Amino acid sequence: MAQIITALKIQKRNPNRVNVYLDGEYAFGLSLSAAAWLRVKQTLSPEKIAELQAQDAQETAFQQALRLLSFRPRSVAEVRKKLVDRDFDPAIIETVLGRLIEGDYLSDKAFAKEWVENRSAFRPRSRRMLHYELRQKGVAEEHIQSALASIEAESDLAYQAGIRYAARLADLDREMFRKRLGGYLARRGFSYGTISPLVNQIWDELHSSERSS
């Protein structure tokens, strides 16, 4: 049965939303954009009400996704999971993801590239570990391989990770130094074949001044 809009009131706590009253009673809330064309005394069919509520749910989901992306880049799978956790309808979620991708707010290819570059610059780890992390984020293999193709050789990544951590171990004897630094690099996914010679190299670099004095 059709109902008549008897009032449209801006919400006190959220001026971007409007409370819609039908036949004298509060019915539902809408975003300003969804409610923009509504007028008092306008008649709404059940189908139109359902359409308005679906539009509002989609806009709410879209705005929440944009807010998530404002904190840090995320993969498509991460955004989808967040929206699922917030109980949005699956069809709305997929529509929102399509809008985000089309608007260039969301891109697994760009996400993978930025993830690898950031890790390599600030928290170096092996290609294997980077690959694992991106798979955990739901990124497709083609985007992972594209991102990994741009980074340095494995030995260079291991050296960057090792030389930063080694400064904390400068007072240890050689055996403990090897154990601690080797364990640190292993936890970052580097292989024994990469770690073993590198630990000796870094030890020698840190203590070269002692031998020359």
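**Ground rules.** I am working on a predicted model, where local features need pLDDT of at least 70, side-chain atom pairs count only at pLDDT 80 or more, and totals for chains, interfaces and linings use all residues. Numbering runs from 1 along each chain as its sequence is written, and side-chain values use heavy atoms, with hydrogens and water left out.

**Confidence.** I checked pLDDT (the predictor's confidence in each residue, from 0 to 100). The chain averages 92, and 98% of the residues score at least 70. Helix α3 (residues 76-85) comes out highest, at 97, while α10 is lowest, at a mean of 83.

**Layout.** I count 10 helices and four strands; helices (H or I, at least four residues) and strands (E, at least two) are DSSP runs, numbered from the N terminus. In sequence order I read β-β-β-α-β-α-α-α-α-α-α-α-α-α.

**Overall form.** The C-alpha atoms fill a box of roughly 90 × 35 × 20 Å along the principal axes. Buried residues make up 38% of the 213.

**Cores.** I looked for nonpolar cores, meaning sets of buried Ala, Val, Leu, Ile, Met, Phe, Trp, Tyr and Cys residues joined through side-chain atoms within 4.5 Å. The largest has 27 residues, and Val-116, Leu-134, Phe-177, Leu-181, Leu-185 and Phe-190 have the most contacts inside it. Two or more residues each come from α5 (108-122), α6 (127-136), α7 (141-148), α8 (154-166), α9 (174-187) and α10 (192-212). Apart from this core I find another, of 14 residues, including Leu-69, Val-96, Leu-97 and Leu-106.

I then listed what Leu-185 touches (contact means heavy atoms within 4.5 Å). Beyond four places in sequence, Leu-185 meets Ala-158, Ala-161, Gly-162, Phe-190, Ile-195, Leu-198 and Val-199.

**Helix α7.** Which residues of α7 are buried? I get Ile-144, Ala-147 and Leu-148. Looking down the axis of α7, I see its buried residues within an arc of 95 degrees, so they line one face of the helix; the arc is that of the directions from the helix axis to the C-beta atoms. Those buried residues pack against α5 and α6.

**Val-139.** I find Val-139 in the loop between α6 and α7, buried, with a relative accessible area of 1%. Not counting residues up to four places away, Val-139 touches Ser-75, Asp-108, Phe-111, Ala-112, Leu-134 and Ile-144. Phe-111 is 28 residues away along the chain, with 8.6 Å between the two C-alpha atoms.

**Arg-119.** Buried or exposed? Arg-119, in helix α5, is buried at a relative accessible area of 15%. Leaving aside neighbours within four places, I see Arg-119 in contact with Pro-124, Arg-125, Leu-130 and Glu-133.

**Positive phi.** I noted Asp-23, not a glycine, with a positive phi of about 50 degrees. Asp-23 sits in the loop between β2 (17-22) and β3 (25-31) and counts as partly exposed, at 44% relative accessibility. I also noted Lys-41, again not a glycine, with a positive phi of about 80 degrees. Lys-41 is in the loop between α1 (32-35) and β4 (43-44) and is exposed, at 71%.

Definitions and conventions
Buried means under 20% relative accessible area, exposed over 50%, partly exposed in between (1.4 Å probe, protein chains only).
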